Amino acid sequence: MPTTLAKKTLFISGASRGIGLAIALRAAGDGANVALIAKTAEPHPKLEGTVYTAAEQIEAAGGQALPIVGDIRDEAQVVSAVAQAVERFGGIDVCVNNASAINLSGTEALEMKRYDLMQDINTRGSFLVSKTCIPHLRDAENPHILTLSPPIGLEPRWLGPHIGYTLAKYGMSLCALGFAEELRDAGIASNALWPRTLIATAAVQNLLGGEAAMARSRKPELYADAAYAVVTRPSRECTGNTYLCEDVLAEEGVTDFGQYMYVKDGEPQVDLFVDSVDPPS
């Protein structure tokens, strides 16, 4: 089975910045093809990068890029984007469900339009993107669906503070587990992947505590290295898991997690959905 992503094609939602872009760049280092669908066509005052600047970075890193401006809530746009990727690169080997919306408001404070946005992007969007990629994944040598969502826990601390967001993220994880069983005989792997600690992204900076939160975060490269490890594993032997990034990397022999800190010698903060309060140092 292949141990690199050379000449493989990844279809990634929301890869114009942050974790999605980091995953794309990690794959590009192998010479992979990356089709990325994202809404950001023009620079945003609070968000770094566009789908086009992401494509430039992917090609500079050694990959081939197909930037597509689109909204994964729109079925016609997703169908068109997948068709463009297949026409350009000849198929799809890996589907990465990265696009996600976050709002941590409690029930009374959460506007329904924000609730609907999270459900439409997170759960429905992941379902739609995966559904549209599956016919092409069936033809791939080592096909993977990777969904960036947490392990499912029913502890009150995960359900009480922000049930609207929790529902949307757990919906993504349920999709990942459901696809794994449905597609097992076809040899298409489906897994979820989540970090033990905060990851330094625009969402953390803008919504979860600014620079103080960033200082307690790990770099997106941690997520990218873990994602790379998962999607290069044999698909028939690696499916139906809700992985934690640090556990995946530990299996790969990584012992120094300090290299991933956004601020040198910083103390990582445990993520919203992770049970362990003792992450690797």
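**Entry 1: strand β1 and its partner**

I looked up what faces Thr-9 in the predicted model, and found that Thr-9 stands opposite Asn-33 in β2. I then examined the pairing as a whole: β1 and strand β2, residues 33–38, run parallel and are joined by five bridges.

I next asked how well β1 is covered. The strand spans residues 9–13, and five of its five residues are buried. In a regular strand the side chains alternate between the two faces of the sheet.

**Entry 2: helix α1**

I turned to α1, which covers residues 18–28. Eight of its eleven residues are buried, so I record α1 as largely enclosed by the rest of the structure. I listed the buried positions as Ile-19, Gly-20, Leu-21, Ala-22, Ile-23, Ala-24, Ala-27 and Ala-28.

Which elements do the buried residues of α1 pack against? I found β1 and β2 among the partners, together with α2 (51–60), β4 (94–97) and α9 (220–231).

**Entry 3: Gly-31**

I located Gly-31 in the loop between α1 and β2.

Leaving aside residues up to four places away in sequence, Gly-31 touches Leu-5, Ala-6, Lys-7, Gly-62 and Gly-63. The C-alpha atoms of Gly-31 and Lys-8 are separated by 8.0 Å, although the two residues are 23 apart along the chain.

**Entry 4: the whole protein**

I recorded ten helices and seven strands for the protein. Its radius of gyration is 17 Å; a compact globule of 281 residues would have one near 19 Å, which agrees. Taken along the principal axes, the box filled by the C-alpha atoms is roughly 45 × 45 × 40 Å.

Of the 281 residues, 52% are buried. I noted that, among contacts between residues at least 6 apart in sequence, 73% join residues at least 24 apart.

I noted 23 positive and 34 negative side chains, with the centres of the two sets 2 Å apart.

Conventions
Residues numbered from 1 in each chain as written. Predicted model: local features only at pLDDT ≥ 70, side-chain atom pairs only at ≥ 80, totals over all residues. Heavy atoms only, no water. Helix = DSSP H or I, 4+ residues; strand = E, 2+ residues; numbered from the N terminus. Rg over C-alpha atoms; globule rule 2.2 N^0.38 Å. Buried < 20%, exposed > 50% of the residue type's maximum accessible area, 1.4 Å probe, protein only. Contact = heavy atoms within 4.5 Å. Lys, Arg positive; Asp, Glu negative; His and termini not counted. Charge placed at Lys NZ, Arg CZ, Asp CG, Glu CD. Pairing = 2+ DSSP bridges.
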